[in-house]
Amino acid sequence: MNFKDEYKRDYSQIAADEEFINQLEKKMNNTAPAKINIKMITAAVSAVAVIALAIGAGTAIPDEKDGGIALKGETAVSQTLTEGLFDIDVWYGHAESDDEIYAVFAGLISEGSLETLYCSDDSMFDDTDIPDRAEMNELAEKLAAAVRTNEKAIGAEKRCMAVFSSGEIVKFSIWDNGIVKLDDCAEIYKIN
Amino acid sequence: MEKMTAEMLLEKYSDMVYRIAYARTQNTHDAQDITQEVFLKYIKSGKEFSDEEHRKAWLLRVAVNTGNTFVKTAWFRHRADLDEAADMTEAMPEKSEVYYAVKDLPEKYRVIVHLFYFEELPIKNICNILGISETAAKSRLHRAREMLKEKLKEADYEF
């Protein structure tokens, strides 16, 4: 007799109850993904802003091939229409420079609102990518104290995602030599 | 890769997740709780997968991890004592001695037996799903087989 055949025959009879699956399907359809892709939202909002600009100004969008000069006074029109057109809700609020953005990140960590930190070799995160609490606290402390640097990233890149109790999600990379780069910043920082 | 609707996902993977949860907990209600949590985590994660194998491995890994967390709870340990006899085996038509032999194994051995014999996964995938080394996975499977051979020695099963 073959063990595998018998085991498969027995376990094939075990299946999730149909009513339970129907209920679960409803719950899944009512559950939204937790992660919000800020870049996509920003891109979509930018696209809408460009369309609004074109329609609202009643002019053609500047064409770089024509030196970007379609109508006189166009620059002024652009500024008026884009400023305050949409209030983009991003985790770093109204911070503008990279240092300000990093300071918001460090502040969120320092105030103790970091709920979970994921670190993975790729950009896919799940429960297996959560370091233990002591390791997480140590890294959080270092991240909060990171300083801007001109050094280059060396070694393997780890992708990380910080989830804060407010629901904010910040994604960043850490390299072997302690270089940190937030996805929302161009500047790089270093942890000790 | 094409995104799956909840219906498609459940159609394809609900039994797989439910069975691994059941192999772990030996209890219908707990297996349902774990299954629900796994699929809600899937939706919340918004994950994208490069291929179906990747999606399957992710679901199995999260099912194992969710089961790990679940069985550690005091509530589960208390419930497990009370409900030991009240699992769904009574609703199943007919079970072989193999079923009961596996059921009697300690839980960590039941899970690896299920992944190897039912899901037919190679050891290198199993160790990733369980988060253990290849050596540890081989050793655990070997130990499980030894225990099963002892329990089933009169029937002389081929493993």
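This is a predicted model: local features need pLDDT of at least 70, side-chain atom pairs count only at pLDDT 80 or more; totals for chains, interfaces and linings use all residues.
1. Extent of the interface. On the chain B side, 50 residues are in contact with chain A. On the chain A side, 33 residues take part. The area buried between the two chains is about 3900 Å². Carbon and sulfur atoms give 64% of that area.

2. Polar and charged pairing. The rule finds two salt bridges across the interface of chain B and chain A. In a salt bridge, the side chain of A:K8 meets that of B:E120, at 2.4 Å from N to O. Polar contacts between chain B and chain A come to 13 residue pairs, with both residues at pLDDT 80 or more.

3. Which elements of chain B build its side of the interface? Those that give two or more residues are helix 1 (6–25), helix 2 (28–45), helix 3 (52–72), helix 5 (97–103) and helix 6 (107–118). Helix 1 of chain B has the largest share, with ten residues.

4. Composition. The side of chain B that touches chain A has 26 nonpolar residues. Charged residues there number 13, and polar residues eleven.

5. A residue of chain A: A:T116. This residue lies in strand 1 of chain A, residues 114–120. Is A:T116 buried or exposed? A:T116 counts as buried because its relative accessibility is 16%, and the cut-off for buried is under 20%.

6. Surroundings of A:T116. Neighbours within four places in sequence are left aside here. A:T116 is then in contact with A:I130, A:M136, A:M161, A:A162 and A:V163.

Note on methods. Residues are numbered from 1 along each chain as its sequence is written. Chains are lettered from A and ligands numbered from 1 in the order in which they are written. Side-chain values use heavy atoms; hydrogens and water are left out. Contact means heavy atoms within 4.5 Å. Buried area is the accessible area (1.4 Å probe) that two parts lose on being put together, summed over both. A salt bridge is a side-chain nitrogen of Lys or Arg within 4 Å of a carboxyl oxygen of Asp or Glu. A polar contact is a pair of N or O atoms within 3.5 Å; within protein, one must be able to donate a hydrogen and the other to accept it, and residues adjacent in sequence count only if both atoms are side-chain atoms. Helices (H or I, at least four residues) and strands (E, at least two) are DSSP runs, numbered from the N terminus. Ala, Val, Leu, Ile, Met, Phe, Trp, Tyr, Cys and Pro count as nonpolar, Asp, Glu, Lys and Arg as charged, and the others, Gly among them, as polar. Buried means under 20% relative accessible area, exposed over 50%, partly exposed in between (1.4 Å probe, protein chains only).
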